[in-house]
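Thanks for asking me to look this one over.

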Amino acid sequence: MKISLPKLLSILLVLAVLLPVSAFQSLAARPVTIYGVDRVSNLGDLSTLSGWHIGLAIVDVYTSGSTTTWQALYTAASNAGVEIVIWPNQGQDYPGCSWENPFIPKNGDYLVKARPMLTWWHGKARGVVIAHEPQRQESCPDSISDMAAITAQIHTEFPGLEVWNYSDNIVEIRNIPGYTSTADFDRIADVHVTWQHCAGNSESPCTGAGSTLEKIKKDRAALDAAGSRAKLVFLQQTFTTGGTYRTKFTLSQLQDYSRQFIQTGALDGFVYYTWDAWWPDLHQWTELHPAIPFIYDNYIAGNATPSSPTAT
């Protein structure tokens, strides 16, 4: 039996109304094309990570750093085949602002301090982090209008450089001062980075009701409902919050939860947090290292798609 195109479209429309969103989840599933670590301190680690299929590293870069230092980082990353997302470090020059926020405006110009660094890295780095948990740092210019202005300036002056925003869960963007609508999702980022400490059920369970797994799905649903073009990257925490951060996943837990999060089909990127930001960390937890190539080989390899669509 042949079905005309108009009739087929009518049937699909009825199904879209009647069936739950979960019934179409596989149609909306996206491959993980960003596989990385946050953050790399030792440049010698880049080749090791590349051998485990890590293709991206988030690295602290001082806004007042030297071109010699920047060149060493770029050369090491380029030789390893690893993309860099720079996390600007302004050295806490601004009272009341954390180290990662150099975007303090002067006469409406948000890039005064970061411009020399961004100029050097333009065409070399994949992206730049502009905010970290912005709704919790109201003493700095982290309102929606501030972050939208930063994003717009970067897009204008440094086209092609992705704006990364550590938003925590997407729903929390609604708590940032100046939020107006879901259209703000795209005004403040090209890539939204989310996370949840679920080792030991620290902030939420990893799976089940109210879990990290469910929050990942809700983040994707929120972006899709808004028609957002932004990518969704999940930071896979390896430890609990609080104290000395020393309670960590076992290898089997890290592998199993990573698998479940990736298999939601909701993520554009999956990043291990943190590789080497303080001690102890994933860098020191050698017993967890096998998870990195294991996850790639079993749940990411073969699913990558070009970053830009090809003509058909």
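1. A definition to start with: rings of Phe, Tyr and Trp (its six-membered ring) pair if their centres lie within 6.5 Å, and planes under 30 degrees apart count as stacked, over 60 as edge-to-face and the rest as tilted. With that in hand, look for one aromatic cluster formed by Y35, F234, F249, Y257, F261, F270, Y272 and Y296.

2. A word on the model itself. It is a predicted model, in which local features need pLDDT of at least 70 and side-chain atom pairs count only at pLDDT 80 or more, while totals for chains, interfaces and linings use all residues. Residues are numbered from 1 along each chain as its sequence is written, and side-chain values use heavy atoms, with hydrogens and water left out.

3. Next, strand β8. Helices (H or I, at least four residues) and strands (E, at least two) are DSSP runs, numbered from the N terminus. Buried means under 20% relative accessible area, exposed over 50%, and partly exposed in between (1.4 Å probe, protein chains only). How many of the five residues of β8 are buried? Five of the five, across residues 269-273, so the strand is largely enclosed by the rest of the structure. In a regular strand the side chains alternate between the two faces of the sheet. Here both faces are covered, with G269, V271 and Y273 buried on one side and F270 and Y272 buried on the other.

4. Which strands pair with β8? Two strands pair if DSSP finds at least two bridges between them. Strand β1 (residues 34-38) pairs with β8 in the parallel sense over five bridges, and D38 stands opposite Y273. Strand β7 (residues 231-237) also pairs with β8 in the parallel sense, over five bridges, and there F234 stands opposite F270.

5. T274 is buried, with a relative accessible area of 0%. Contact means heavy atoms within 4.5 Å. Leaving aside neighbours within four places in sequence, T274 is in contact with D38, R39, T238, F239, D281 and L282.

6. Now the charges. A salt bridge is a side-chain nitrogen of Lys or Arg within 4 Å of a carboxyl oxygen of Asp or Glu, and the structure holds 16 of these. The side chains of R30 and D224 meet in one, at 3.8 Å from N to O. R30 lies in the loop between α2 (25-28) and β1 and D224 in helix α8 (residues 212-225), so the pair ties together parts that are 194 residues apart in sequence. R30 is partly exposed at 27% relative accessibility, and D224 is partly exposed at 36%.

7. R30 also forms a salt bridge with D268, where the closest N and O atoms are 3.4 Å apart. D268 sits in the loop between α9 (251-262) and β8, so this pair ties together parts that are 238 residues apart in sequence. D268 is buried, with a relative accessible area of 10%.

8. What else does D224 bridge to? Its salt bridge with R220 has the closest N and O atoms 3.2 Å apart. D224 and R220 are four residues apart in helix α8, so about one helical turn separates them. R220 counts as buried at 7% relative accessibility. Together, R30, R220, D224 and D268 are linked in a network of salt bridges.

9. Back to the rings: a search of the whole structure finds 16 aromatic pairs. W87 and Y166 have ring centres 4.5 Å apart and planes at 50 degrees, so the pair is tilted. W87 lies in strand β3 (residues 83-89) and Y166 in strand β5, so parts 79 residues apart in sequence are tied together. W87 is buried at 2% relative accessibility, and Y166 is buried at 1%. F249 and Y257 form a tilted pair too, 5.5 Å centre to centre with 45 degrees between the planes.

10. Finally, a charge sits over a ring if NZ of Lys or CZ of Arg is within 6 Å of the ring centre and within 35 degrees of the ring normal. The charged end of R39 sits over the ring of W87, 4.8 Å from its centre. Likewise, the charged end of K124 sits over the ring of W120, 4.3 Å from its centre.
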